[in-house]
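Here are my notes on this model, as numbered points. Please read them with the structure open.

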Amino acid sequence: ETGSSIDLPKTNVGHVSFSSDGQTVAVNSQFGTFIWDTNGNQASPRIFEFDGKPLSASPDSRYVVLQNGTESFLWDVETNSQTLLPAESIQYSFFSPSSRHIVLESETGSFLWDIKTNEQILLPVESAWISGFSPDGSTVFIGSETGSFLWDIETNSKTLLPVENAWIAGFSPDGSTVVIDSETGSFLWDMDDNRQTPLPAQNIRHAFFSADGRYLIGDSLSAETFTPGILLWDIETGSEVDLPAENIRNISFSSDGRTAAIVSDTESFLWDVETNSQILLPVENAWNISFGPDDLHLIIKDPGGVLLWDIKTNQSFRISTEGLWAWKSSPDGRYMIVQGEEHVLLWDLETNEEVVSIRHGRTNFAGFSPDSQYLLTHGEDAAGVFLIDADELVEEACDRLPLVVQKSPATPLNR
């Protein structure tokens, strides 16, 4: 009823990651690095004695950057091969959204590595740092002592930005607009016509776009009063949107960009941006609210734990009474996991029921396989792979059973 689990190494697990086809799992522990298949069998020997911790994993779960002493390696989980990377003493690393490139940050600067060709890509300037990829991974934002610019990796062309000491806050979903902050102010940069649009805020520390790319939400300081607040900007009209309440602490959008879930100091509500209508939510002292993968649920974090609200039926479900670190949905949108400090809870969004709650000490990571069939967890001292819907395997076995019985030869036991 709650699925089955696969036993993995239980001691000092450093990292776990699925392959892109969901058939193998990479596990790092104090005894080395291993690959296991989803039947619970060790599919390869350890790669090397692991000294340190993994730095990052690619979005498709195929590659992991590992550091052994001062040397760093790119590990291909599917082929069980490793490539020595050119940077030593890497401080951090991150992959492009396409999993084609890696940015390696070390004491000597930034390095860009092409996974497909296994070659380092030379940056167009020295002493540069890379702080973000476009959604398709073709363009990166580069800052340097001589200026800041956007660089197209494929064409090796760069666009100089009209500010110094700038850093990127985020790309729009289609990659056509960039939010850039600098010492002199914040602005939007149009990638198509290289046009700059100043924003009425500065020090945008965090910025994100609505899923449809129309609205920009920025956590910033007012350019006039220097007070903290939230900026909502309509990219189509090029104007600031007046928010429906004061002292807003959190705002998130539905995937169509029409409805916003808002948390203020006094109340929480749904806001239709086009009609300016509001629906008050029956929660008090909410910390933040976000939309579920189907836009039919709200995930609400409050002092009582985690509350799931079904927008269609106006029903609420208390799915956790413990602290929430993160939540994520399965690729097929059927399930959701809520990750707490010492537990991972799997919730069925179709039936609005808990599937299983997993506890194994401090939880560092939880995620789904690409096919949504497996749940991968990584705790302080253990890792596990859980088959979510074991009933499907039982049904398949039962369907095959009559055929197997008919073909079985007669014996004294079954006559």
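**Notes on the predicted model**

1. Strands are DSSP runs of at least two residues, numbered from the N terminus.

2. This is a predicted model, in which local features need pLDDT of at least 70, side-chain atom pairs count only at pLDDT 80 or more, and totals for chains, interfaces and linings use all residues. Residues are numbered from 1 along each chain as its sequence is written, and side-chain values use heavy atoms, without hydrogens or water.

3. Which residues does isoleucine 153 touch, leaving out those up to four places away in sequence? They are His101, Leu112, Ile121, Phe133, Gly137, Ser138 and Val140. Contact means heavy atoms within 4.5 Å.

4. The lining of the second largest pocket has 22 residues. Phe208, Ile251, Ser252, Phe253 and Ser290 lie nearest the pocket centre. E26 (248-253) is among the strands giving two or more residues to this lining. The largest share, 5 residues, comes from E26.

5. Asparagine 314 sits in the loop between strand E32 (305-310) and strand E33 (315-320). Asparagine 314 is exposed (over 50%), with a relative accessible area of 55%.

Note on methods:
Helices (H or I, at least four residues) and strands (E, at least two) are DSSP runs, numbered from the N terminus. Buried means under 20% relative accessible area, exposed over 50%, partly exposed in between (1.4 Å probe, protein chains only). On a 1 Å grid over the protein atoms alone, a cavity is a set of points where a 1.4 Å probe fits but cannot get out, and a pocket is an open set with protein on both sides within 12 Å along at least five of seven lines; lining residues have an atom within 4 Å of a point.
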